[in-house]
Amino acid sequence: SVVVTVMYFAVQIAVTIFFVLLILLIPIIVIVSFLGIIITLLSGFAAAVDNTDYASGSGASIVAVAVQEIGYHEGAGNHTKYGVYTGTDGMSWCHAFVSWCANECGYIDTGVIPKFAGCVNGVQWFRERGQWADNSMEPSPGMIIFFDWDNKGSSGPQDGESDHVGIVEKVENGTVYTVEGNSGDSCRENHYAIGYYEILGYGMPQY
C-alpha cells in the first residue's frame, strides 16, 4: 500500500507539473506564432517594395521600369495608365508608355526624354538636339527605338515618319531586344535584327 500511495502521489505531481508547464508554454507558443506571422508579413511586404534606384542616371534605369510593365494589358477603349499620364487616354499608347517610364525615372522633369504625344513628335525632339541615329547603328540599353511601318516590304519605300516606339532593353548577337507598349494591346518584349528595315532610328537620351 505504501508503494501504491507513493506512485499515486508521484503521478499527481507529474500531472500537476505537466499542466503547470502547459499553462506556461501556451502564452509562449502564442507569442512565437504571432511573431512568425508578423515576420512573414513583413518579409512579403519587403519583397513587394521596389527599391530600384530608377533615377540613377543610366539607360538601365528606364529599362528596369519598362521590364516591370511587361504583361500590362490595355482596358476597354484603349484605356491605360500611360494614356492617363500623357492626357492621351483612348488613343494609341506606345508613346505614352515611353513617356510614363521616363517619368518614373525623373527624366521628364530633367529634360532627358520628352513627354511626347505621337511618335513623330518624339523623333523631332531627338533630331533637333542632335541625339538621333539611323537604324544601321548598334543601340545600347535605354535608347528609344522608333519604327516606320508605312512601307511595301524590305525593298520598298517608307514614308520617313515614325508609327511606333519602344525602349531598347538589350542587344545580343546582332539582335535588338525591346520593350514596347501597345504591342498587341499590351506591353511586350520584342526583338529585331540590327538594321531591320522597319526600324526608323534611335533617340539617344543623354543620361
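Here is a short tour of the fold, the confidence and the nonpolar cores of this chain. The structure is a predicted model, in which local features need pLDDT of at least 70 and side-chain atom pairs count only at pLDDT 80 or more, while totals for chains, interfaces and linings use all residues. Residues are numbered from 1 along each chain as its sequence is written, and side-chain values use heavy atoms, with hydrogens and water left out.

**Fold**
- The chain has five helices and six strands, taken as DSSP runs (helices H or I, at least four residues; strands E, at least two) numbered from the N terminus.
- Along the sequence, the pattern reads α-α-α-α-α-β-β-β-β-β-β.
- Of the 207 residues, 37% count as buried, meaning under 20% relative accessible area with a 1.4 Å probe, protein chains only.

**Confidence**
- The pLDDT (the predictor's confidence in each residue, from 0 to 100) averages 85 over the chain, and 85% of the residues score at least 70.
- Helix α1 (residues 2–48) has the lowest confidence, at a mean of 71, and strand β4 (residues 175–180) the highest, at 98.
- Over residues 45–56, take care: the pLDDT is below 50.

**Nonpolar cores**
- A nonpolar core is a set of buried Ala, Val, Leu, Ile, Met, Phe, Trp, Tyr and Cys residues joined through side-chain atoms within 4.5 Å.
- The largest one has 31 residues, and Ile62, Phe97, Cys101, Ile144, Phe146, Val165 and Ile167 touch the most other members.
- Helix α4 (94–104) is among the elements that each supply at least two residues, and α4 gives the most, with seven.
- Cys101 touches Ile62, Val65, Ala66 and Ile167, not counting residues up to four places away in sequence; contact here means heavy atoms within 4.5 Å.
- A second, separate core of 10 residues includes Ala133, Phe147, Val176 and Tyr192.

Terms used
Buried < 20%, exposed > 50% of the residue type's maximum accessible area, 1.4 Å probe, protein only.
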